[in-house]
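The following exercises concern a single structural model. Each sets a task and then works through the solution in steps.

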Amino acid sequence: MPYVLHIFDPWKSPLCTCPTKYSLSPYTGCGHACRYCYITSYIRNAFNPRTKKNFLYYLKKDLTKANLSIPISISNSSDPYTPPEDKIQLTREALKLISSFNAKAIIITKSSLVVRDLDILRKGKFTVSMSITTLNNEISQKLEPHASLPYMRINALKNLCREKIPCSIRIDPIIPEINDDYNSIREIVSLAAEIGIDHIVSSTYKAKSDNFKRLLMTFPNKSEILRTLYIDKGVKIGRIRYLNEKIRFNYMKMIKELADEFGLTFSTCREGFKYLHTSKTCDGTHLIPD
Ligand code: SF4
């Protein structure tokens, strides 16, 4: 029975197209406190990140027994560069360990702190997936109050690409009326191509009761339209409310066409539109170097 390295389980979501991968979270909870975050539905005190006890000891044990041909996703229930990683450096130590096993990993983050670990990333089998929901500072600060500002994430990506670390951008989640403006998304994709990003992943916002309440409180002037789109006209899949399929498809198609225009590959995350994908994997793990 593994201690900290578990096979990724998307709660048996029928829309998940992820390849088999391990999930690893150095932290329980995440201090970025994104308004749309779903971890508050299953992690107690979720925006108060804490380290896992004896994490590195158990990671080493798990890596010894792991199938190292399977990529490790860091992380799915917290940002590996959440505050206070800058002081604690638990993710940094985990990356060193992963690299020493010659294991492969995808790092998913909204923090520019990832460039601190370039020395490790350069030598190992890593790809970085940076989430960028908007380039607008004001919207970003409302949506992701303690994550790096968009320009800092872009600068981090520039540094990573310069060092030939393969990177993707997650435009995720798209929230109607908040960050779904065509020109703004086009700017992200265009910038991605300019920087040297290989791949775009996108997904629409999925509402759970707690994150939906937070979102409505943060954007009270959008509450009516969001209620209409998610409650009245949306669909329930499992315990999650989605936009209806037509709206979701139109968003994903729009971003795929932008990715095509700028020569980037594209995939969606838990949308059910696998036929829109133009990459080998939906999550960007295909970018991990051999
Ligand atoms: S960075 Fe990810 S895990 Fe952290 S609060 Fe934001 S959405 Fe949740």
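**Exercise 1. Prolines and cis peptide bonds**

Proline 84 is located in the loop between β5 (72-74) and α2 (85-88). The model is a predicted one.

Task: Determine which residue is joined to proline 84 by a cis peptide bond, and which residue is joined in this way to proline 173.

Solution. 
Step 1. The cis peptide bond at proline 84 joins it to proline 83, with omega about 10 degrees.
Step 2. The cis peptide bond at proline 173 joins it to aspartate 172, and omega is about 5 degrees.
Step 3. As to location, proline 173 lies in strand β8 (residues 167-174).
Step 4. Phi of lysine 164 is near 65 degrees, a positive value in a residue other than glycine.

**Exercise 2. Helix α1 against helix α3**

Task: Classify the crossing of α1 and α3 by angle and by handedness, and identify the residues in contact.

Solution. 
Step 1. The axes of α1 (residues 55-65) and α3 (residues 90-100) come within 10 Å and cross at roughly 20 degrees.
Step 2. Angles under 35 degrees count as roughly parallel, and α1 and α3 are therefore roughly parallel to each other.
Step 3. Their crossing is right-handed.
Step 4. Helix α1 contributes Phe55, Leu56, Leu59, Lys60 and Leu63 to the contact, while α3 contributes Leu90, Glu93, Ala94 and Leu97.
Step 5. By class, this contact comprises seven nonpolar, no polar and two charged residues.

**Exercise 3. Helix α7 against helix α10**

Task: Carry out the corresponding analysis for α7 and α10.

Solution. 
Step 1. The axes of α7 (residues 182-195) and α10 (residues 245-261) come within 10 Å, crossing at roughly 40 degrees.
Step 2. The helices α7 and α10 are therefore oblique to each other.
Step 3. The crossing of α7 and α10 is right-handed.
Step 4. The contact is formed by Tyr182, Ile185, Arg186 and Val189 of α7 with Met254, Ile255, Leu258 and Ala259 of α10.
Step 5. These residues divide into seven nonpolar, no polar and one charged.

**Exercise 4. Ligand shell and annotated domain**

Task: Describe the residues around the ligand and the span annotated as a domain.

Solution. 
Step 1. Surrounding the ligand are Cys30, His32, Ala33, Cys34, Cys37, Ile39, Ser78, Asp79, Lys110, Glu144 and Ala147.
Step 2. This shell has six nonpolar, two polar and three charged residues.
Step 3. An unreviewed UniProt entry places the feature "domain: Radical SAM core" at residues 16-241.
Step 4. The end C-alpha atoms of residues 16-241 lie 15 Å apart, and the span is 38% helix and 18% strand.

Note on methods
Residues numbered from 1 in each chain as written. Predicted model: local features only at pLDDT ≥ 70, side-chain atom pairs only at ≥ 80, totals over all residues. Near = placed C-beta within 6 Å. Nonpolar A, V, L, I, M, F, W, Y, C, P; charged D, E, K, R; others polar. Axes fitted to C-alpha atoms, helices over the stretch in contact; angles between N-to-C directions. Helix = DSSP H or I, 4+ residues; strand = E, 2+ residues; numbered from the N terminus. Parallel < 35°, antiparallel > 145°, perpendicular 65-115°, else oblique. Left-handed = near helix turned anticlockwise from the far one by under 90°. Contact = placed C-beta atoms within 7 Å. UniProt positions renumbered as here; feature names shortened; annotations may be inferred.
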